[in-house]
Amino acid sequence: MSLSTIKARIGAAERAAGRAEGSVALIAVSKVQPLDRVEAVLTAGHRVFGENYVQEAAGKWPDLRARFGAVELHMIGPLQTNKAKVAVELFDAIHTLDRPSLAQKLASLQQSRGSLPRLFVQVNTGEEPQKAGVLPGDLTGFLRDCRAMDLAPVGLMCIPPEDQDAAPHFAMLARLAADAGLSGLSMGMSSDFETAIAHGATHVRVGSAIFGARAYPT
């Protein structure tokens, strides 16, 4: 599938949901993709990308930005506290604020830098013990604590359980965001982004449908 096909499907999903054209940002997830595939998407004019690993992103995006110009880069994978300093220098948005220790680290970095990337709080909508994210019942308190540290999250993010219908999880995230007064909804991936758009997604994270299957190092 091509970038243009995905963008056309996003546009159709926006229209079907009665939403304005361009209201959904496409994050092209370039983690573990060969450089030539990433360059091809850049050459096609796309400028919003997502990465899961700080070290991988730091190794390729400074050069790509130097060659292709401004790129909006989103951190969409788990963020280790000891990599937060590098992350805030590199990324324009962090979608995986998921625990108090990371909030405290980001607050400290904000005090020293004067600014931070846009922040999304990751919510574990399926309450899966193996998955990162704030539990839905803990979200109000977590946001209160973040705001007390002068952090200002702009939205919420979720990754629904693989074995469940994603729609109820997207609906839950939309309700939680509305209750919290947050406008950003980072939800939906290659297999379900149209469903996410129907439920109000502002950012969809699409990788393999644009770049092809990933070949993870062995």
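Hi everyone, let's start with Gly184, which is found in strand 7, residues 184–186. Before going further, please keep in mind that this is a predicted model. Is Gly184 buried or exposed? With a relative accessibility of 6%, Gly184 counts as buried, because the cut-off for buried is under 20%. Setting aside residues up to four places away in sequence, Gly184 touches Phe120, Val154, Gly155, Leu156 and Thr202. As for distance across the model, the C-alpha atoms of Gly184 and Asp36 are separated by 31 Å, and these two residues are 148 apart along the chain.

Now to strand 5, residues 118–122. Four of its five residues are buried, so strand 5 is largely enclosed by the rest of the structure. Which strands does it pair with? On one hand there is strand 4, residues 93–97, which runs parallel to strand 5 and is joined to it by three bridges. If you want a landmark in that pairing, look at Ile94, which stands opposite Leu119 in strand 5. On the other hand there is strand 6, residues 155–157, which pairs with strand 5 over three bridges, in the parallel sense. Here the landmark is Gln122, standing opposite Met157 in strand 6.

Strand 4, helix 5 (residues 100–113) and strand 5 make a right-handed β-α-β unit. Strand 5 then takes part in another right-handed β-α-β unit, with helix 6 (residues 139–148) and strand 6.

Let me stay with helix 5 for a moment. This helix has 14 residues, and from its first C-alpha to its last it reaches 20 Å, close to the 20 Å expected at 1.5 Å a residue. Its buried residues are Leu102, Ala103, Leu106, Ala107 and Leu109. Seen down the axis, they fall within an arc of 165°, so they line one face of helix 5. A quick reminder of the geometry: an α-helix has 3.6 residues a turn, so residues three or four places apart point the same way. And what does the buried side of helix 5 pack against? Its buried residues pack against helix 4 (84–90), strand 4, strand 5 and helix 6. Turned away from that side, the other face of helix 5 carries the exposed residues Gln111 and Ser112. After helix 5 comes Gly114, with a positive phi near 90°.

Helix 1, residues 3–16, can be read in a similar way. The buried residues of helix 1 are Leu3, Ile6, Ile10, Gly11, Ala13 and Glu14. They cover an arc of only 160° around the axis, which puts them on the same side of helix 1. That buried set packs against strand 1 (25–29), helix 2 (35–43), helix 8 (193–198), strand 8 (203–206) and helix 9 (208–211). On the other side of helix 1, Ser4, Arg15 and Ala16 are exposed. Just after the helix, Gly18 takes a positive phi of about 70°.

Next, aromatics. How many aromatic pairs does a search of the whole structure find? The search finds one. Its partners are Phe49 and Trp61, tilted at 50° between the planes and 4.9 Å centre to centre. The pair links distant parts of the chain, with Phe49 in strand 2 (residues 48–51) and Trp61 in helix 3 (residues 54–68), twelve residues apart. Both Phe49 and Trp61 are buried.

Ser30 is buried, with a relative accessible area of 0%. Leaving aside neighbours within four places in sequence, Ser30 is in contact with Phe49 and Trp61, and also with Val38, Gly50, Glu51, Glu56, Lys60 and Phe211.

Finally, some backbone angles to look at. Most residues other than glycine have a negative phi. Glu127, in the loop between strand 5 and helix 6, has a positive phi near 50°. Asp150 also has a positive phi, near 70°, and sits in the loop between helix 6 and strand 6. At 59% relative accessibility, Asp150 counts as exposed.

Key:
Residues are numbered from 1 along each chain as its sequence is written. This is a predicted model: local features need pLDDT of at least 70, side-chain atom pairs count only at pLDDT 80 or more; totals for chains, interfaces and linings use all residues. Side-chain values use heavy atoms; hydrogens and water are left out. Buried means under 20% relative accessible area, exposed over 50%, partly exposed in between (1.4 Å probe, protein chains only). Helices (H or I, at least four residues) and strands (E, at least two) are DSSP runs, numbered from the N terminus. Two strands pair if DSSP finds at least two bridges between them. A crossover is right-handed if, with the strands pointing away from the viewer, the path from the first strand over the helix to the second runs clockwise. Contact means heavy atoms within 4.5 Å. The arc is that of the directions from the helix axis to the C-beta atoms. Rings of Phe, Tyr and Trp (its six-membered ring) pair if their centres lie within 6.5 Å; planes under 30 degrees apart count as stacked, over 60 as edge-to-face and the rest as tilted. The expected span of a helix is 1.5 Å times one less than its number of residues.
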